[in-house]
Amino acid sequence: MLDVRDPSLQHVASHHSNKYYKAETDGGVRKFGVSDYIRLIRTIQPEIAVALADDLNTGDISEAWSKKSVTRSLKWLDECLVGYQSSSAIFGVLKGGPVLDQRQLSAELTAQRDVAGFVLNDLQFAGDATARRQWLQTSLAPLPSAKPRLAYALGTPLDVLEGVRQGIDLFDTLYPMDLVEKGHAMVFSFEKGAPAPATPQSLIIDISQPEFRTDRRPLDEQCPCQACIGHSRAYLHHLWHTSEMLVKVLLMVHNLHAYAAFFAQIRHSLRQGTFSAQADVFAQRYAHPR
Ligand SMILES: [Zn+2]
């Protein structure tokens, strides 16, 4: 997937002009016009290309600013669609920020275009869970159900489940890697099972903690990944405190495996019609959403 904006960046450049998008790059802020971006798409030929849009870097914007962002994003989307013909699928970005009328208008007008899917990339600016749910619902309501919806910044298990509940199909997140940097391993499961216990469990274990110094068990006794076969929590604890690079490799292997299994379990529950009930039990079972 190609996007001029790095989905992992919390801070993004703003104050684009009608001619140029200002993109954060490793070499600093760089200006992109629509023709530059189309040339990039033709060169890279990604499966999915996210259209150029007037991205904001705050959720605190006026109605006039929101309107300008929606109008400019639609103009750039139209230019991307007209100027580009290839095998890549173009996704349109839904804008509007906190101005719900503009969010709805952006979704309605983007849905009228010949896009292959939709992107929500401003949810980190929603402030709290209630506002985020409102932003999601407003943007998603006008969209056709047959086209995929991709969200950035929804990565924790509870965020993902809420996103799925609201109708998000695709997620782009660094959540598993963020946990690795902190020495955390995922120990949650979405499989259908017993009711939630009286005392909530944790979603993760922190391998740096002294309680794991002599723990001979793997990170997750149910996990068949290469990190959990033949490596104990005590060994990873030792690697963490001796700053061995291997500890992050093993945590990465496990977290990516566990995260992929989580999504596979979600897809299975959707097919079985049990997603909603399982998501409720999951929220009761686990204490810490992050
Ligand atoms: Zn594992």
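## Getting to know the model, from Met1 onward

Colleague: Which residues does Met1 touch, leaving aside those up to four places away in sequence?
Modeller: Not counting residues up to four places away, Met1 has contacts with Pro46, Glu47 and Ile48. Keep in mind that this is a predicted model. Met1 itself sits in the segment before strand 1 (21-25), and what it touches is Pro46, Glu47 and Ile48.

Colleague: Is Met1 buried, exposed or partly exposed?
Modeller: Count the other C-beta atoms within 10 Å of Met1 and you get 15. Buried would take 20 or more, and exposed 12 or fewer. With 15, Met1 is partly exposed.

Colleague: How many Å apart are Met1 and Ile41 in space?
Modeller: In sequence, Met1 and Ile41 are 40 residues apart. In space, going C-alpha to C-alpha, the figure is 9.9 Å.

Colleague: What is the distance between the centres of domain 1 and domain 2?
Modeller: Domain 1 covers 21-173 and domain 2 covers 177-285. Their contact takes five residues from domain 1 and eight residues from domain 2. On the domain 1 side, those are four nonpolar, no polar and one charged. Taken over C-alpha atoms, the centres are separated by 31 Å.

Colleague: At roughly what angle do the axes of helix 3 and helix 4 cross?
Modeller: Helix 3 is residues 100-111 and helix 4 is residues 129-140, and their axes come within 7 Å. Helix 3 brings Leu100, Arg103, Gln104 and Ala107 to the contact, while helix 4 brings Gln134, Trp135, Thr138 and Ser139. By class that makes three nonpolar, four polar and one charged residues. The axes cross at roughly 35°.

Colleague: Why do the buried residues of helix 9 line one face of the helix?
Modeller: In helix 9 (residues 275-285), the buried ones are Gln278, Ala279, Phe282 and Arg285. An α-helix has 3.6 residues a turn, so residues three or four places apart point the same way. Over on the other side of helix 9, Ser276, Ala277 and Asp280 are exposed. Looking down the axis, the buried residues line one face because they fall within an arc of 125°.

Definitions and conventions
Residues numbered from 1 in each chain as written. Predicted model: local features only at pLDDT ≥ 70, side-chain atom pairs only at ≥ 80, totals over all residues. Axes fitted to C-alpha atoms, helices over the stretch in contact; angles between N-to-C directions. Helix = DSSP H or I, 4+ residues; strand = E, 2+ residues; numbered from the N terminus. Contact = placed C-beta atoms within 7 Å. Nonpolar A, V, L, I, M, F, W, Y, C, P; charged D, E, K, R; others polar. Domains from an automatic or database assignment. Arc of directions from axis to C-beta.
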